[in-house]
Amino acid sequence: MSQAKDLWHKVKPCGHLVRPVAPTQLPGRYLSHQEGLPNLPVPPLQQTCERYLAALEPIVNEKELSHTKELLAEFQGSGGVGERLQKGLERRAHKTQNWLSDWWLTTAYLDYRMPVVIHSSPGVVLPRMEFSDRQGQMRFAAKLIAGILDFKTMIDNETLPVEYLGGKPLCMNQYYQVLSSCRIPGLKRDTVVNYSRSSRPPTHITVVHNFQFFVLDVYNSDGTPLTVDQLYIQLEKIWNSSLQNNKEPVGILTSNHRNTWGKAYSSLIRDKTNKKSVQSIQTSIFTVCLDAAMPRVSEELYRSRAAVQMLHGGGSRWNSGNRWFDKTLQFIVGEDGSCGVIYEHAPAEGPPIVSLIDHVVEYTKKSEIVRTPMVPLPMPRKLRFNITPEIKKDIDDQPDLTATVLAHLFCHLLSRMNVPKAHKMSPDAFIQMGLQLAYYRMYLQCCSTYESASLRMFRLGRTDTIRSCSVDSANFVKAMDDPAKPNVEKVILLEKAVKAHRAYTDMAIRGQAIDRHLLGLKLQAIEDLTSLPEIFMDTSYAVANHYNLSTSQVPAQTDCVMCFGPVVPDGYGVCYNPMAEHINFAVSAFNSCDKTNAARMAQGLESALLDMRSLLESTPKAKL
């Protein structure tokens with residue numbers, strides 16, 4: 001259903017590599033850091049209403065805007081429903097660590113019933129590895145596992161370096177949610193369980209090869225992690241025990257619509273053997289997928305094909321059954337050198353995942369100096385599934401859906417571009433204006449645009465929305481191709497648009513954006529069992545939340561790119577990583593929609609950015 005596009009960069013040293021030590025808890029460091037973080041504020045009601053109207057101006061018509069103004073005046077008036085809901089939100093903020101986090105987890109993820117594949121879970125394409133043989137694949141997988149366990153040591157010891165943004169410490173909670181966790185399907189709502197906090201934290205990972213799952217214990221009896229050599233030996237055993245390629249792809253059930261999978265899950269775990277096997281996958285620290293080679297493509301299309309593989313495995317004929325899509329972290333090592341990650345989005349955003357990836361990739365480059373203990377290791381345990389006729393039918397019914405959904409996914413990768421340094425513009429704002437220009441050139445109108453803003457400055461903070469489409473961006477994109485406008489004026493408009501975006505970003509990361517506040521007011525009304533205020537049933541609200549451009553900046557040190565599907569049927573998903581000399585992009589769209597075309601959007605984005613750069617380089621610096 002979708003298409004995507006990306007650019008690549010040089011690796012920089014990662015640092016923070018840790019000697020393997022026995023996992024121990026050093027309580028207090030993480031907790032004391034967390035307790036020092038401020039709580040997420042509830043923005044003033046009037047401020048949000050004013051900013052909401054400003055955000056609507058470039059994306060709705062005058063009649064709709066006028067109607068919304070009337071509704072907002074009534075909503076925020078003295079003694080009105082808005083004032084009552086605002087007080088309810090403020091009471092909630094006073095009683096909780098974060099008034100938004102539980103609501104957001106439930107609303108954005110656990111209540112979301114579309115498949116997690118493409119619609120929710122991002123994929124990450126790592127640099128292509130050159131495996132000369134199967135041993136190369138196993139060797140790399142062993143190093144990768146050791147690197148993740150090395151990162152886990154910092155989590156277990158609570159010695160993970162605290163991150164900062166603008167001199168302010170960030171919430172590190174998400175790092176403590178991604179290992180040993182899993183999403184559990186429900187009939188109407190899912191749950192996420194973190195097993196690392198249990199009295200006996202997991203010491204195993206799951207490895208899947210040829211659709212067959214194995215439990216691999218990754219710690220010795222003294223608590224030290226297995227060495228790379230030990231892991232290699234164990235992976236060889238797994239490979240040799242799973243050479244049959246005619247096994248039922250039980251994992252493909254996890255790619256279904258959540259309600260359908262919830263029913264199939266209930267059926268699957270009625271059998272005690274199946275339940276035990278599923279629990280072993282769910283409780284594992286993470287999963288490693290040893291993939292079969294995907295169909296060969298040209299060098300030009302390779303990264304697109306690799307992005308498809310990371311996002312969904314390529315369908316039931318290829319590697320989609322070689323996954324457990326509910327697992328928070330799955331590392332993929334393909335026989336043909338295609339490597340990457342897919343992660344279930346509920347516990348964390350992209351940056352903590354990419355930080356882990358940066359660490360692991362750097363770790364895999366180290367020479368191995370640890371001597372392997374000459375201790376015989378137990379055989380990894382194969383997980384058994386009893387396939388009843390009902391489960392067989394669930395699996396057989398699944399490929400029809402998967403084929404329909406996945407055949408429409410296409411990824412396209414882009415290269416070449418950097419932000420002009422002389423103009424001292426925010427690279428993120430510059431790219432976002434390029435997206436606005438590319439979209440306007442294709443559709444001759446502006447659209448509601450979502451850019452993810454981190455709220456990690458606050459305890460348990462997740463995200464809010466940077467609304468990249470503004471009055472200033474609209475003025476710029478309309479003027480850019482107008483031959484009647486002099487270049488100096490275009491540069492002034494571009495600078496204004498970039499500054500407006502920068503200001504909105506600063507506002508968002510400080511908890512003063514509008515989208516989560518409006519969502520909170522809506523959920524407060526639902527919780528109070530009152531009728532939903534008219535502003536939430538207004539056409540403008542529907543337009544504002546129909547994100548034709550869903551975007552995210554996910555910087556990485558590794559030469560990788562993250563990709564995800566659009567959030568609306570006629571939209572685009574865009575992820576990017578600005579580097580010193582170029583930018584990595586992934587652009588996706590559903591091919592089932594005849595209004596969208598990811599290849600055209602990707603080319604349009606490249607042209608827009610190059611045209612903007614040429615405009616700046618050929619025009620004397622404008623004075624505002």
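Analyst: Let us begin with a single residue and its surroundings. Leaving aside neighbours within four places in sequence, glutamate 451 is in contact with Asp428, Gln432, Asp464, Thr465, Ile466, Ser468, His501, Thr551, Gln553 and Tyr576. Please keep in mind that this is a predicted model.

User: Where is glutamate 451 placed in the secondary structure?

Analyst: Glutamate 451 belongs to strand β13, which covers residues 449-454. The protein as a whole has 18 helices and 18 strands.

User: Is glutamate 451 buried or exposed, and which side chain of opposite charge is nearest?

Analyst: Glutamate 451 is buried and has no salt bridge. The nearest side chain of opposite charge is that of arginine 502, at 8.2 Å, whereas a salt bridge requires the charged atoms to be within 4 Å. As for the protein overall, 59% of its 624 residues are buried.

User: How many aromatic pairs are there, and what describes such a pair?

Analyst: In general, a pair of aromatic rings is described by the distance of the centres and the angle of the planes. In this model the count is twelve aromatic pairs. One of them joins phenylalanine 151 and tyrosine 175: the centres are 6.1 Å apart and the planes stand at 35°, so the pair is tilted. Phenylalanine 151 lies in helix α6 (residues 134-156) and tyrosine 175 in the loop between β3 and β4, so the pair ties together parts that are 24 residues apart in sequence. Both phenylalanine 151 and tyrosine 175 are buried.

User: What is the geometry of the pair formed by phenylalanine 213 and tryptophan 324?

Analyst: That pair is edge-to-face, with 5.9 Å from centre to centre and 90° between the planes. Phenylalanine 213 is in strand β7 (residues 212-217) and tryptophan 324 in the loop between α10 and β9, so the pair ties together parts that are 111 residues apart in sequence. Phenylalanine 213 has a relative accessible area of 1% and is buried; tryptophan 324, at 0%, also counts as buried. Ring pairs link Phe213, Trp261, Tyr265 and Trp324 into a cluster.

User: Which rings have the charged end of an arginine over them?

Analyst: Two cases may be given. The charged end of arginine 92 sits over the ring of tryptophan 103, 3.6 Å from its centre. For arginine 139, the charged end sits over the ring of tyrosine 232, 5.3 Å from the ring centre.

Technical notes. Residues numbered from 1 in each chain as written. Predicted model: local features only at pLDDT ≥ 70, side-chain atom pairs only at ≥ 80, totals over all residues. Heavy atoms only, no water. Helix = DSSP H or I, 4+ residues; strand = E, 2+ residues; numbered from the N terminus. Buried < 20%, exposed > 50% of the residue type's maximum accessible area, 1.4 Å probe, protein only. Lys, Arg positive; Asp, Glu negative; His and termini not counted. Contact = heavy atoms within 4.5 Å. Phe/Tyr/Trp six-rings, centres within 6.5 Å; stacked < 30°, edge-to-face > 60°. Lys NZ or Arg CZ within 6 Å of the ring centre and 35° of its normal.
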